[in-house]
Each structure stands twice: as C-alpha cells, then as structure tokens.
Amino acid sequence: MKRNILITGGAGFIGSHVVRLFVNKYPDYNIVNLDKLTYAGNLANLKDIESKPNYTFVKADIADLDEMRRIVNEYKIDGIIHLAAESHVDRSIKDPFTFARTNVMGTLALLQAAKEYWETLTEKYEGKLFYHISTDEVYGALEMTHPEGVPAPFTTKASSNDDMAYGTEFFLETTKYNPHSPYSASKASSDHFVRAYHDTYGMPTLVTNCSNNYGPYQFPEKLIPLFINNIRNRKPLPVYGKGENVRDWLFVEDHARAIDLIFHKGKVAETYNIGGFNEWKNIDLIKVIIKTVDRLLGNPEGYSEELITFVTDRLGHDMRYAIDSRKLQSELGWEPSLQFEEGIEKTVRWYLDNQEWMDNITSGDYERYYDEMYKNR
Ligand code: NAD
Ligand code: DAU
C-alpha cells in the first residue's frame, strides 16, 4: 500500500535507525525525514539511504507551525512517527527553555498541523496515525531496594547481566507520571498533549515509552559513545556520583523494530513500554565498555580503568529506571533480538571502525564545548 510517512528527528540517533528501516523495508512508502539539524542532527547518519527514490529530507523546525502546516499538506502525510526532540538531560539542566520550546511547543505545532490537514480530507482520520516516541524518564525514578541486585523476575533474550534487577518495582504503562528533570518534564508535557489531541479531537495517536538506547550513530555526549571515544583518546571517563545509578539498556535496532511493529499493529490511544529487562549499574557497565574497548584495541586487560574519574553528580540524578515491557511482548509479540554482550561488542566495534564519523563530530566547536563543560563539573 502507498503511504506518505513523516518521520521527525530522522537525522538523530534513534530517528536515523527508524528512517533506514522504513526506507529499506517499505519501498512503496514515501518517507519524509523532517529535521532541524541541531547539533545532534547529522545527515552522515543516513549516507547509505539518502539517494533511495522513496526518501526525502526536509530541513525544518517542528516549533514552526506554518512550516508544519506546509509540510504535512505538501507531502500529503498520512502517518507521523515523531522523534524530534532535545534529548540530553545535562543540557536540559543548563537550558530548560530550549527543551520546552522544542519538546512541548514543537510537538503541539506538529499535532495541530496534522489535525488541521487530516480534518480537510473526506476520509479524515481513517488510516492515519500520530505516533509519539517518549521515554521511561517521564515515570520518574525507582527505588534501589536491592543494591547488590537480585534475580530479575522476568527473563528475555536481552537480559544478560545475570538476569539482574536492582529493585522490585518496574515502570508499567499505568505508572503515574513523575518527571524530575527539565528534559523529562518537557517529554511528559508533550505526551499529555498527544493524549489530549486523541481525547478531545478524536485524533488517532499513540505513545511509546522506551528505556535507554545504545548502538551506532549516538551523539557522543551520551554515556556509551562518550566513554568509548574518551578511552580511545586517553581522556578521563567522568562517572557521575558513585556510578551506582541504574539504567535499563536496549539496542537501538530493537527499538526501531518495535516502532515498526507498533506503527503497523499497535492500537490507537494505547501506550506501550519498550525495554529489554536489562538493568546495569553505571559503574558495572563502564567496566564492560573498558574491557571491550581495551580488548579490541589490543591493550592489556584493565589498562583503561585508570581513566575512571568520579565527578560531581548530575543535579536531581534519577537513581533507577527499569521498564516492564510485557504488554508489548504479549500483545504484539515483540522481543529484543540481542544479548547485551553481543550488542555492546557490535557497538564498540562500530565506533572504533567509524572514527571519521566520530572525529567529524567531536573536533572543533564540540570539542571546545565538551572540554569547557568537563572543567566545570
Ligand atoms: P537525538 O538527540 O540523537 O536526535 C534528535 C533529533 O531531533 C536530531 O536529529 C535533531 O536535529 C532533531 N531536532 C531537535 N530539535 C528539533 C526541532 N526543533 N525541529 C526539528 N528537529 C529537531 O535524540 P535520540 O536519542 O535519537 O532520541 C529520539 C527520540 O527518542 C526523542 O524524542 C527522545 O526523547 C526519545 N528517546 C530517546 C531514548 C534514548 O535512549 N536516546 C530513549 C527513549 C526515548
Ligand atoms: O531512559 C531513556 C533516556 O536515556 C532518554 O530519554 C534520553 O534521551 C537519553 O539521553 C538517556 O538519558 P540518560 O540521562 O539516562 O543517558 P546518559 O547517557 O546521559 O546517561 C546514562 C547514565 O550515565 C546516567 O545515569 C548518567 C551517567 N553519566 C552520563 C554521562 C554523559 C555519567 O556517569 N557520566 C557521563 O559523562
């Protein structure tokens, strides 16, 4: 079936994997990638698909309502997968306004533009979908009731940290929103607007909340690519606080597969949590990264552990995230494809093999920005 799908934030980390998957898997769909190309947007992430006939790139700001109106009309958009956002918690602590503008006002502008366009059509909302990508951070933080870890109550293919959980509670689709950082507050607000457009105007929307993603093409201000690159460049590895915070990690291509499945088979107005039951304390994860990078670079085991540097904690640092994704697994049959060790190995290899990609981002302005920020921690 012919479709015209708008993917926002397609030049970013997760968005580029979603664009690649849709362009390659659905030659009958016209895929329009809308991205403002902020510091985090990089068209080099899409080099391999940029000349495909079913792919179009449009540079635009989601907070520009007139532009959103023009684009949904011009490309006759019938499905939207909305990923564009300011996504880094540390930046939100320094500059919350940019997060409110893009994540809240931008999402609202896109919703309004889609609503106006779809309401002009004879079939209106039939066959349409506004799919909003959100995060587990909107649920707040979970207690570390088992700081040493206990066997996880669920096992899946992705869980390989000895099936470890660090508490008994997990985020469910019904968990009350309780965001703490300006980033998660802006994402929570955008989620509410998406649901409000369904409840008020009957717009077909759905929301998914995913855990921490890792994999190729992630901007190197985020923990995993930052640490891989710093090890390679013999720079300090800044561990916030004591490194005891827990995150639940999912390989980015598994997230993209979930988005594809939910876009096609998910129920309108539903929420689905996405995660691989794969909890890691930061410090344990960092040691896995060090070990993998050292092995692949031919360094002796433990060689780069001396780079670990404990620094001032992130303000309001959420202790533990852990997603319960059993609804998605049982209703739609999704499950993560990779064991964590395989995913980390693939990821480290990718960054080491793609040093030009990394150097293009980290040289010049960004390197100066990062060094200044690090000095002030
Ligand atoms: P990213 O920062 O790598 O990419 C964001 C993209 O959005 C960039 O290409 C950027 O240029 C674009 N963008 C930013 N502001 C824009 C604007 N005003 N108009 C148009 N484009 C704009 O982010 P990511 O990590 O790929 O995250 C993508 C989405 O997934 C976000 O909505 C994020 O909240 C959500 N999410 C991320 C994770 C994760 O672990 N990275 C987990 C769960 C959910
Ligand atoms: O949970 C989903 C979220 O995951 C997404 O919504 C966000 O967009 C994404 O950025 C990510 O947020 P985190 O804050 O969890 O990711 P980050 O990579 O910034 O940090 C991971 C953990 O590592 C966190 O506990 C903070 C810590 N950290 C991070 C950096 C960058 C460090 O200890 N040192 C660092 O230098």
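**Pocket and ligand surroundings in a predicted model**

Helix 3 (residues 89-94) contributes three residues to the lining of the largest pocket, the most of any element, where helices (H or I, at least four residues) and strands (E, at least two) are DSSP runs numbered from the N terminus. The model is predicted, so that local features need pLDDT of at least 70 and side-chain atom pairs count only at pLDDT 80 or more, whereas totals for chains, interfaces and linings use all residues. Residues are numbered from 1 along each chain as its sequence is written, chains are lettered from A and ligands numbered from 1 in the order in which they are written, and side-chain values use heavy atoms, with hydrogens and water left out.

The lining of the largest pocket is formed by Asp90, Ile93, Lys94, Thr312, Asp313, Arg314, Leu315, Met373, Asn376 and Arg377. A pocket is an open set of points, on a 1 Å grid over the protein atoms alone, where a 1.4 Å probe fits, with protein on both sides within 12 Å along at least five of seven lines, and lining residues have an atom within 4 Å of a point. The space in this pocket amounts to about 220 Å³, a volume being the space filled by probe spheres set on the points, which are joined across faces, edges and corners.

Around ligand 1 there are 28 residues, of which Ile14, Asp35, Ser87, Tyr183 and Lys187 come nearest; a residue is near a molecule if one of its heavy atoms lies within 4 Å of it. Oxygen atoms of ligand 1 lie 2.9 Å from a polar backbone atom of Gly12 and 2.9 Å from a backbone N or O atom of Leu83, while a nitrogen atom of ligand 1 is 3.3 Å from an N or O atom in the side chain of Thr102. Of the 830 Å² of accessible area that ligand 1 has on its own, the protein covers 96%, as calculated by the Shrake-Rupley method with a 1.4 Å probe. Strand 5 gives the most to this shell, with three residues.

Ligand 2 is surrounded by 23 residues, the closest being Thr135, Asp136, Tyr183, Pro238 and Arg314. Taken alone, ligand 2 exposes 690 Å², of which the protein buries 94%. Helix 6 (223-232) and strand 10 (237-240) are the elements that give two or more residues to the shell around ligand 2.

Note on methods:
A polar contact is a pair of N or O atoms within 3.5 Å; within protein, one must be able to donate a hydrogen and the other to accept it, and residues adjacent in sequence count only if both atoms are side-chain atoms.
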